[in-house]
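Dear colleague,

Please find below the structure that I am handing over to you. I would ask you to look through it first and then to read the notes that follow.

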Amino acid sequence: MAVTTSQAVVYKGGGRRYLTLRSACAAEARALLKTRCECETMDHGPMGYEHLTCWYHEDERNAVLMRRLTGGYMRRFRSTQK
Ligand SMILES: [Zn+2]
């Protein structure tokens, strides 16, 4: 085995490059949600820290939002391709 190179299309999303359209769209979706994120860590001193998850990052809702946004970005991308 030897190292070789090959040319491939890379998809850019969320400021990074990906080999699949889905990954790039998921990254773009994550980046969008991050701009709305209001997750917080509360410092209660000796009582310790409490992590408050925002509306956008609650597990179930986040899964739904990610699925919708990722699908939306994929459709939008494909509609710009011949
Ligand atoms: Zn959040």
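Leaving aside its neighbours within four places in sequence, which residues is F77 in contact with? They are L21 and C25, where two residues are in contact if their C-beta atoms, placed from the backbone, lie within 7 Å.

Two remarks on the source come before the rest. Residues are numbered from 1 along each chain as its sequence is written. The model is predicted: local features need pLDDT of at least 70 and side-chain atom pairs count only at pLDDT 80 or more, while totals for chains, interfaces and linings use all residues.

Overall form

The protein has two helices and four strands, and from the N terminus on the order is β-β-α-β-β-α. The protein is more spread out than a compact globule, because its radius of gyration is 18 Å, well over the 12 Å that the globule rule gives for 82 residues. This radius is taken over C-alpha atoms, and the rule is 2.2 Å times the number of residues to the power 0.38. Helices (H or I, at least four residues) and strands (E, at least two) are DSSP runs, numbered from the N terminus. Taken along the principal axes, the C-alpha atoms fill a box of roughly 55 × 35 × 20 Å.

Of the 82 residues, 11% count as buried. A residue is buried if 20 or more other C-beta atoms lie within 10 Å of its own, exposed if 12 or fewer, and partly exposed in between, with C-beta atoms placed from the backbone.

Helix α1

The 16 residues of α1 should span 22 Å at 1.5 Å a residue, and the end C-alpha atoms are 23 Å apart, which agrees. The expected span is 1.5 Å times one less than the number of residues. Buried residues in α1 are A24, C25, A26, A27, E28 and A29; the buried residues of this helix pack against β1 (11–13), β2 (16–18) and α2.

A27 lies in this helix, which covers residues 21–36. A27 counts as buried because it has 20 C-beta neighbours inside 10 Å. Not counting residues up to four places away in sequence, A27 touches G13, G14, R16 and Y18.

Helix α2

F77 belongs to helix α2 (residues 59–79). Why does F77 count as partly exposed? The reason is that F77 has 15 C-beta neighbours inside 10 Å. F77 and R17 are 60 residues apart in sequence, and their C-alpha atoms are 15 Å apart in space.

Yours sincerely
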